[in-house]
Amino acid sequence: MILRRVIKHMKNQEWTAIALDFLIVVIGVFVGLQVNNWNEARTLKDRETELLTALRTDIQLTLDATQAKILSFEQVGEAGARALAFLENGQSCEDACWPVVVDFFHASQWQKLRLNRSTYDDMRRLGLPRSRELINAVESYYTQNESLAFTLDEAPDYRAIVRGLIPLAIHVAYWVGCFKVEVDIESYLLDCPQAVSNEVAAQTAAAITAEPRIKPTLTDWTGYVRSYPSAMNDEIGFGEKAIAVLDAEMERRK
């Protein structure tokens, strides 16, 4: 329609009309582009809001998991300290060897600390989030975790050594009565029922004590594990700051 009008105006040399038609076309193209840009910006904002909501959920879940792991690591550290005290005492456990064996087993527990950051990595591939403050807060949280997590990528040497000295019957009994998992929270029970005879428990404690690698590897691992709760609490602080920045950003979007 406009093209036919332009041709007609040109034939009649109606230059003012031609200019008006041209202006109408330019304005139409400009408005069309602006509407398209506005729609794209709105779609991106909606997608970013959706991902920010998922990111907040991810961070909160990891904070809850880290808090639970702190309790678990404290239990492991305490068991390691008791096991080391038994080694340093140098005395036989006689008829009370089951709790000693359980402590050696508890002290071998190990969990990885690296957080799941898939939602945040997906956002970064899309160039999101666009808030530099938010990027800095979340990056600080994940960086704090990475600095701690890489030291636990592999199980401690003590774990394989001591578990190799513990009879299968005790392994089976331990996982049934001395270890508990509820909603991904590991707990190590001190009052678990004795599942082997005093003789077997005493033989196991003696075998562990006689192994020269036990004390140095247990000392090394216990030193590490007892230091983790404090560092993990620091990590939680970074995570809580990230959530606060996320909440502020979501509030601005309402």
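Predicted model: local features only at pLDDT ≥ 70, side-chain atom pairs only at ≥ 80, totals over all residues.
Residues are numbered from 1 along each chain as its sequence is written, and side-chain values use heavy atoms, without hydrogens and water. Local features need pLDDT of at least 70 and side-chain atom pairs count only at pLDDT 80 or more, while totals for chains, interfaces and linings use all residues.

The largest nonpolar core has 62 residues. Such a core is a set of buried Ala, Val, Leu, Ile, Met, Phe, Trp, Tyr and Cys residues joined through side-chain atoms within 4.5 Å. Buried means under 20% relative accessible area, with a 1.4 Å probe and protein chains only. Ile-59, Phe-104 and Tyr-228 have the most contacts inside this core. Elements that give it two or more residues include helix 2 (15-89), helix 5 (132-149) and helix 9 (214-252). Helix 2 provides the largest share, 13 residues. Helices are DSSP runs (H or I, at least four residues) and strands are E runs of at least two, numbered from the N terminus. Beyond its neighbours within four places in sequence, Ile-59 is in contact with residues including Val-138, Tyr-141 and Leu-246. Contact means heavy atoms within 4.5 Å.

The model holds two disulfides, each a pair of cysteine sulfur atoms within 2.5 Å. One joins Cys-93 to Cys-97, S to S 1.8 Å. This link is right-handed, with 95° about the S-S bond. Cys-93 is buried at 13% relative accessible area, and Cys-97 is buried at 1%.

Cys-178 and Cys-192 form a disulfide with sulfur atoms 2.1 Å apart. Cys-178 lies in the loop between helix 7 and strand 1 (179-182), and Cys-192 in the loop between strand 2 (185-188) and helix 8, so the pair ties together parts 14 residues apart in sequence.

Notes. Buried < 20%, exposed > 50% of the residue type's maximum accessible area, 1.4 Å probe, protein only.
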